[in-house]
Amino acid sequence: MGGRRVLAAVAAAGVLTGVLAGCSSGGSKNAGGTAAPASAASAPGPAAASTGTTGAPTAAPAPTTAAAGANGAASAPASAPAPAAVEAPHGDLEAALLDDKVVGQVLPDAKAMAGWVEEKRKVDTADHQVTCTGAAAASCAGKPLSGSVRFSSGDVVVRFLVDTLPSRDAAAQRLKESYASYAAGPFKKVDTPALGSESQAFQGPLAEGEGVGIVVRSGTVVAGVTSEGGPVDVAATRRLAVMLVKRIEQAQAGQTPDAGLGVG
């Protein structure tokens, strides 16, 4: 079942594609063979985009409560721990996170994801040429980085992705590329309150059927959260994304990331 859980790589080159590819061994496809964007997190509902601080579409497997998914979307199955509501972050910090150890801390861990099982974790350079572990870690210092981690609970799979860039402008460009990769596929925008600096949620076919993907920029970091494998639940996916953005903002403020589900 692990092969079916892998999210498909983003169509746009250099946009979180390599991150997901590294996390899921080359990416995956849905039953119809459609490549799914790598920015994890999706959400059901009508295609209405919210606007972030820079005026770009907002939302995006990877957090504040959102309206329940439209189109008859059901809540997450009982087997998946329900993320508790947390306050939505909304910063646009300039600090760059070009340290592989910090990126590893930004990605949620078992403590943050209580009740979920961690399946795979990876941090590498943004060009995906170097995996930042062991002796290779020195090659990652000061470079744009990518990180990904996958969790599961029963049939539900969520993925967290982060790309760290040297500036907010570079991150804004990366976000546009990620948006474009979703727009080019069979995905629809979902109306959810803004996260971070700017964000957008999408709903569409992922590796195990209909899922939610949320893409968000928080200052110099572009992040994504995807959820799939159970009933579509936009609000739950967004709460996961809130947690991820809080962890990013903690790192940008020089703190050790410790935000978890239910932590305001």
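How many of the nine residues of strand E8 (residues 198-206) are buried?

**Entry 1: strand E8.** I'm working on a predicted model here. I looked up burial for E8, and nine of its nine residues came out buried. So I'm noting E8 as largely enclosed by the rest of the structure.

**Entry 2: who sits beside E8?** I checked the pairing next. Strand E7 (residues 188-190) pairs with E8 through three bridges, in the antiparallel sense. I picked out one of the residue pairs: Val190 has Ala201 in E8 as its bridge partner.

Then I turned to strand E9 (residues 209-218). E9 also runs antiparallel to E8, and nine bridges join the two. E8 and E9 make a hairpin, with two residues between them. I looked up Leu206 too, and its bridge partner in E9 is Gly209.

**Entry 3: a closer look at Gln200.** Is Gln200 buried or exposed? Its relative accessibility is 0%. Buried means under 20%, so Gln200 counts as buried.

What does the side chain of Gln200 reach? I found that it gets to the backbone oxygen of Val190, at 3.1 Å.

Definitions and conventions. Residues numbered from 1 in each chain as written. Predicted model: local features only at pLDDT ≥ 70, side-chain atom pairs only at ≥ 80, totals over all residues. Heavy atoms only, no water. Buried < 20%, exposed > 50% of the residue type's maximum accessible area, 1.4 Å probe, protein only. Helix = DSSP H or I, 4+ residues; strand = E, 2+ residues; numbered from the N terminus. Pairing = 2+ DSSP bridges. Polar contact = N/O pair within 3.5 Å; in protein donor to acceptor, adjacent residues only side chain to side chain.
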